[in-house]
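Student: Hi! Could you walk me through this one in plain words?

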Amino acid sequence: MSDNQSNVNEPGGGQPNPWEEMLRSMLGREAGDEIINAMRAQGIDPSEVAGNVKFPGSPMQMQSMMAQMRHLMESSPGPINWRMAHDIARQRAWGEGDPEITSAEGQRIRQALQVGDLWLDAVTDLEPSRGDRHAWRRSNWVDNTLDTWKQMVEPVAANASRALSDALKQQMDEMTNQGVGELPEGLSQIMGQAQPMMEKLSAAVFAGQIGEAIGGMSHEALGSTDVGMPMCTNGTTALVVANVNAFAEGFNIPTDEVYQFLALREVAHARLFNSVSWLRSEMLQAVQKYAAEIRIDTDAIHEAATSIDPTDMGALQNAMTAGAFTGETTEAQEKALEKLETQLALIEGWVETITFEAGRPYLPHIDQLRELMRRRRVAGGAAEQMLAKLIGLQMRPRQARNAAKLWEIVTAERGRAERDALWQHPDFAPNADELQDPEAFLAGRAAAAEADADIDAALEQMLEGTLGWAEGLEPGQDSEGDARRGDTAPDDGAGSGDGSGAGSGDDSGDGSGAGDAGADGSSDD
């Protein structure tokens, strides 16, 4: 080691400063030494710059941290490092066991899905999905649902990542520029790169949380539609074999019956979204509108960020979500939330109604199975709660029982064709107020239809009374004005006679008026 390096690395003959070593590891030894020398030339002691920040005690820990930092800097752009989130989710899916699926298990699942579609043909006219049928491992669920999770969580991730990035950058600025005026040019250039580095760091922090949540849900999800919407875009239907087996344990119900019931629910969801083209996009838009307006408590994030060890990834993850979301919601958020919850309830209620109707002739324990699903829906899981904390939204239908009752009433009184026709357009579907009182739904719709009919009739009468009138005409007259001439002929004649007579008598005496006058005069004489 050269004297210069010795002076830089070991001021006073002590051990190398961890903060200096971190700079060298991140920037390279040459650039790191240049920055440290420039700081000392300005009267800054690098050993005091870090303040109260703690560093790992061993070189191995430091090297591990630096390797993580380099990995972060090489990551893809965006509010979430999705490559990292995907890796973490898959590790979480494998962590508690992700057994291989035997050919017999796969065939059992695919057959149950096929039979479920056949049963549904008898109770709904909506067309089945044409997608593939699969038996999934937990890691398969992660791989196939990740794209939809991206659409759901990125709006709020962008807000939260920006807030944490700004807070961490401010912390770094304060650490590096304590009591100092303008920084040296080299150091200033390096610090100019702090914002991109912090953005990548916050993207990684959020990726860790999202990855953990999705990986945790992979141990709870029974199929591709557990959150109320299809997590695949190609009409795929699937059951997660390990989770279905775990769900079936502990019940005094034959496993085959549980399999068939869950398969029936899966294909019912797929059939609905396959036939109702607007539904999936409307739900995603509602999620995105809600998430895009989530207010981030920047003060809470800044306070957490300034009090943590930046080498502790767990502490950074906690800072991302601990008190980050403000409690107040905007009017637009409330509307989006109401719309989303209503759609989730309508979907769950419709699926419950038709699966009960389709499975009742074949599944002796369908009443118990339906109640088990209701309880599962209400309770939720740890991973679902974590996701709700991250995006500020619970994907759980609160009025599903009312929605199921509503669909049952419509089916009983109007038939399945009119029931399913309510999905033809967003404006036809029941709204939140109608879910509050399912019994009054049909009466309310009938009253509204009657009022609309009265308005239409009045409008038609108005159009019939005015359509075809020409300018200057009145009701009862045709477009040629014949009625007008007929009704006013005596007046016209008098006026014509007066005018014609006066004109003819004065000028030539050839007019009809003059002839009449002459005749009258001859008789007088």
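Student: Where is the place of E434?
Tutor: E434 is in helix α21, residues 432-436. Helices here are DSSP runs of H or I with at least four residues, strands are runs of E with at least two, and both are numbered from the N terminus. One caution before we go on: this is a predicted model, where local features need pLDDT of at least 70, side-chain atom pairs count only at pLDDT 80 or more, and totals for chains, interfaces and linings use all residues. Residues are numbered from 1 along each chain as its sequence is written, and side-chain values use heavy atoms, with hydrogens and water left out.

Student: Why does E434 count as buried?
Tutor: Because its relative accessibility is 16%. Buried means under 20% relative accessible area, exposed means over 50%, and partly exposed is in between, using a 1.4 Å probe and protein chains only.

Student: And what does E434 touch?
Tutor: Leaving aside residues up to four places away in sequence, E434 touches L406, A429, F441 and R445. A contact means heavy atoms within 4.5 Å.

Student: Let's zoom out. How many helices and strands does the protein have?
Tutor: The secondary structure comes to 25 helices and two strands. Of the 525 residues, 44% are buried. Among contacts with a separation of 6 or more, 79% join residues 24 or more positions apart.

Student: Which residues in the largest nonpolar core touch the most other members?
Tutor: That core has 86 residues, and the ones with the most partners in it are I80, W141, I214, L262, L279 and W423. A nonpolar core is a set of buried Ala, Val, Leu, Ile, Met, Phe, Trp, Tyr and Cys residues joined through side-chain atoms within 4.5 Å.

Student: What does W141 touch?
Tutor: Not counting residues up to four places away in sequence, W141 touches W136, W149, I214, M217, S218, A221, G223 and V240.

Student: New topic: helix packing. At what angle do α13 and α16 pack?
Tutor: Helix α13 (residues 279-292) and helix α16 (residues 331-359) pack at about 145 degrees, with axes 8 Å apart. The axes are lines fitted to C-alpha atoms, for helices over the stretch in contact, and angles run from 0 to 180 degrees between N-to-C directions.

Student: Which residues make the contact?
Tutor: From α13 come L279, E282, M283, A286, V287, K289 and Y290, and from α16 come Q333, A336, L337, K339, L340, Q343, L344 and I347. They divide into ten nonpolar, two polar and three charged. Nonpolar covers Ala, Val, Leu, Ile, Met, Phe, Trp, Tyr, Cys and Pro, charged covers Asp, Glu, Lys and Arg, and the others, Gly among them, count as polar.

Student: Is L337 buried or partly exposed?
Tutor: L337 has a relative accessible area of 22%, so it is partly exposed. Its C-alpha atom is 7.0 Å from that of A286, 51 residues apart along the chain.

Student: How many residues of α16 are buried?
Tutor: 21 of its 29 residues are buried, so α16 is largely enclosed by the rest of the structure. Its end C-alpha atoms are 42 Å apart, which agrees with the 42 Å it should span at 1.5 Å a residue. That expected span is 1.5 Å times one less than the number of residues.

Student: Which residues of α13 are buried?
Tutor: L279, R280, E282, M283, L284, A286, V287, Y290 and A291.

Student: Where is W278?
Tutor: W278 is in the loop between α12 (255-275) and α13. At 14% relative accessible area, W278 is buried. Not counting residues up to four places away in sequence, W278 touches Q343, W423, Q424, H425 and P426. H425 is 147 residues from W278 along the chain, yet their C-alpha atoms are separated by 7.6 Å.

Student: Last one: which residues are buried in α11?
Tutor: V241, A242, N243, V244, F247 and A248 are buried. That is six of the eight residues of helix α11 (residues 241-248), so α11 is largely enclosed by the rest of the structure. G250 follows α11 and has a positive phi, near 90 degrees.
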